[in-house]
Amino acid sequence: MLISKMYAWRGYSGNHQIGNDPNRITLTASDHGQVFGTLSLGLDSEIGLMADQVFADYVDTQRNSGKVCEIIKLAVDPAIKSKAVLASLFHVALIYARDLNGCTHIFIEVNPRHRRFYEAMLGFQTVCEARPNPRVQAPAVLLSAATAYGTEQVAKWGGMQDKAVGERSLFPWFFSQREEAGIINRLRQLG
């Protein structure tokens, strides 16, 4: 419901239901049953990624040098103005991608007006300029980030939100390396 509400508010059309795809995991940020953030991680498989519909030529190039995945269906309630919520969702997505699925690169399709946010706040790089995206009836750019870059930033900034003077990215709001190790262990125990 949050995804549909936020995408409609932005003027994006299409079906924004999460669905039941075994190659996707949906993460939520919630408090006492109230969901205020969601993000899905799509893993590459024989059916490919959603980004293949518009950007297959660029996704295929990265597939040749590693395992890829994509972030889709990101929505955060605008009433929640918390860097920690967004950072937590992206950090757990990084853990699922890198540690549990061996991915080397994460893609995300975004509206061109949001590109700078993902570049500055999460270290994504533009892979392909804007193309029409029929799923949302709007233009999209393809961004990519190496999971190794995320690992470096967690080592440098993770858990440092109170001490990261001048750092503008979301990485200080990511979990510390110690917290990350605990999360990885708990997720592996869940199977």
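Me: In the hairpin of β1 and β2, which residue takes a positive phi?
Reply: This is a predicted model. Two residues lie between the strands of the β1 and β2 hairpin. The positive phi, near 55 degrees, belongs to His 32.

Me: How many bridges join strand β1 to strand β2?
Reply: Strand β1 covers residues 24-31 and strand β2 covers residues 34-43. The two run antiparallel. The number of bridges joining β1 to β2 is eight.

Me: Which are the edge strands of the six-strand open sheet?
Reply: The order is β1-β2-β3-β4-β6-β5, with mixed pairing. An edge strand here pairs on one side only. The edge strands are β1 and β5.

Me: What is the average twist from one strand to the next?
Reply: The sheet is open and has six strands. From one strand to the next, its twist averages 25 degrees.

Me: Which residue in β6 is the bridge partner of Ile 106?
Reply: Strand β4 (residues 105-110) pairs with strand β6 (residues 138-146) in the antiparallel sense. Six bridges make up that pairing. The β6 bridge partner of Ile 106 is Ala 145.

Me: What angle does the direction of helix α2 make with that of β5?
Reply: Helix α2 spans residues 52-63 and packs on the sheet. It touches β3, β4, β5 and β6. Its direction and that of β5 make an angle of about 155 degrees.

Me: At what angle to β2 does helix α3 run?
Reply: Helix α3 takes in residues 83-100. It lies across β1, β2, β3 and β4. Its angle to β2 is about 30 degrees.

Me: Is Thr 126 buried, exposed or partly exposed?
Reply: Thr 126 sits in strand β5, residues 125-133. Its relative accessibility is 27%. Buried requires under 20%, and exposed requires over 50%. Thr 126 therefore counts as partly exposed.

Me: Which side chain does a polar contact of 2.7 Å join to that of Thr 126?
Reply: Leaving aside neighbours within four places in sequence, Thr 126 is in contact with Arg 115, Glu 119, Leu 142 and Leu 143. The 2.7 Å polar contact joins the Thr 126 side chain to that of Glu 119.

How values were computed
Residues are numbered from 1 along each chain as its sequence is written. This is a predicted model: local features need pLDDT of at least 70, side-chain atom pairs count only at pLDDT 80 or more; totals for chains, interfaces and linings use all residues. Side-chain values use heavy atoms; hydrogens and water are left out. Helices (H or I, at least four residues) and strands (E, at least two) are DSSP runs, numbered from the N terminus. Buried means under 20% relative accessible area, exposed over 50%, partly exposed in between (1.4 Å probe, protein chains only). Contact means heavy atoms within 4.5 Å. A polar contact is a pair of N or O atoms within 3.5 Å; within protein, one must be able to donate a hydrogen and the other to accept it, and residues adjacent in sequence count only if both atoms are side-chain atoms. Two strands pair if DSSP finds at least two bridges between them. Axes are lines fitted to C-alpha atoms, for helices over the stretch in contact, and angles run from 0 to 180 degrees between N-to-C directions.
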